[in-house]
Amino acid sequence: MLVDTHAHLDDKQYDADRDEVIKRAAADDVKFIINMGADIASSRKALVVADNYDIVYAAVGIHPEEADGMTSKDDYILSELAEGKKILAIGEIGLDYHFRMDNKEKQKNVFVRQLDIARQLHLPVSIHARDAHGDLMQILKKEGRGVRGTIHCYSGSMEMARELFKMGWYIGADGPLTFKNAAKLPEVVQKMPLERLLLETDCPYLAPVPKRGKRNEPAFVKYTAQKVAELRNIAYEEVSRITTANAETLFLER
Ligand SMILES: [Zn+2]
């Protein structure tokens, strides 16, 4: 069975058929799904979805695109939401300089504050990093000390991945691994220790081949698992056994 370690089932694209989407995942060998928060409202909604389905868990967090409006009052709300019994992580949090370059300091500040919340609550984190790998590494080495987690939708180099693994971090692979124009990720997946790999969909975005361009959903995590098996020349069952054990180690063990 597989784990979708990063999904956005609270997205309004599922309002019409969320129930079917989640049942399809359960019927298609998905053991559990972690629904990420992106701001306070979607973190609350993630909790509601998790409360309604056994296989859905939640993370709460402020996405870097939402960093501007975040105040210390939100830190308090987040820590309170994070006490929920189906909360497995703080996420998604991080840095996105592709989206915006003009508020780097604010993004860093909001990211570091959420790393503090994760450390205090002994929760792992799911990190979004786009065009910001230098600052990410600097922050993880300093303010990220004592925090565990994953760099989701990994787009960095093998060299950076090696550094992350030494520091105990995981990386997440999703749809882009299956794309014809995939950049560095296939090489990273080929060479890395599988004990550091997590699977995810980031649904509704980034549907893997052969569903590319369509709305993504947790059941499609199998296509990314198949691609990993192909790249590593090992059985699909082996990929699912290892990545599911990794997800359970990171998110279920305290
Ligand atoms: Zn995401």
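User: How is the handedness of a helix crossing to be read, left-handed or right-handed?

Analyst: A crossing is left-handed if the near helix is turned anticlockwise from the far one by less than a right angle, and right-handed if it is turned clockwise. In this predicted model, helix 3 passes helix 4 in a right-handed crossing. Residues D75, L78 and S79 of helix 3 meet R113, I117 and L121 of helix 4. By class, this contact holds three nonpolar, one polar and two charged residues.

User: At what angle do helix 3 and helix 4 pack, and how far apart are their axes?

Analyst: Helix 3 covers residues 72–81 and helix 4 covers residues 104–121. They pack at an angle of about 30°, and their axes are 11 Å apart.

User: How do the axes of helix 8 and helix 9 cross?

Analyst: These two axes come within 8 Å and cross at roughly 115°. Angles of 65 to 115 degrees count as roughly perpendicular, so helix 8 is roughly perpendicular to helix 9. The crossing of helix 8 with helix 9 is right-handed. On the side of helix 8 the contact is formed by A225, Q226, V228 and A229, and on the side of helix 9 by Y236, V239 and S240. Five of the residues in this contact are nonpolar, two are polar and none is charged.

User: Which residue in strand 7 is the bridge partner of T150?

Analyst: The bridge partner of T150 is Y170. Strand 6 (residues 149–151) and strand 7 (residues 170–173) pair in the parallel sense over two bridges.

User: What do the overall dimensions show?

Analyst: A compact globule of 254 residues would have a radius of gyration near 18 Å, and the 17 Å of this chain agrees. Along the principal axes, the C-alpha atoms fill a box of roughly 45 × 40 × 35 Å. The chain comprises nine helices and eight strands.

Notes:
Residues numbered from 1 in each chain as written. Predicted model: local features only at pLDDT ≥ 70, side-chain atom pairs only at ≥ 80, totals over all residues. Pairing = 2+ DSSP bridges. Helix = DSSP H or I, 4+ residues; strand = E, 2+ residues; numbered from the N terminus. Axes fitted to C-alpha atoms, helices over the stretch in contact; angles between N-to-C directions. Parallel < 35°, antiparallel > 145°, perpendicular 65-115°, else oblique. Contact = placed C-beta atoms within 7 Å. Nonpolar A, V, L, I, M, F, W, Y, C, P; charged D, E, K, R; others polar. Rg over C-alpha atoms; globule rule 2.2 N^0.38 Å.
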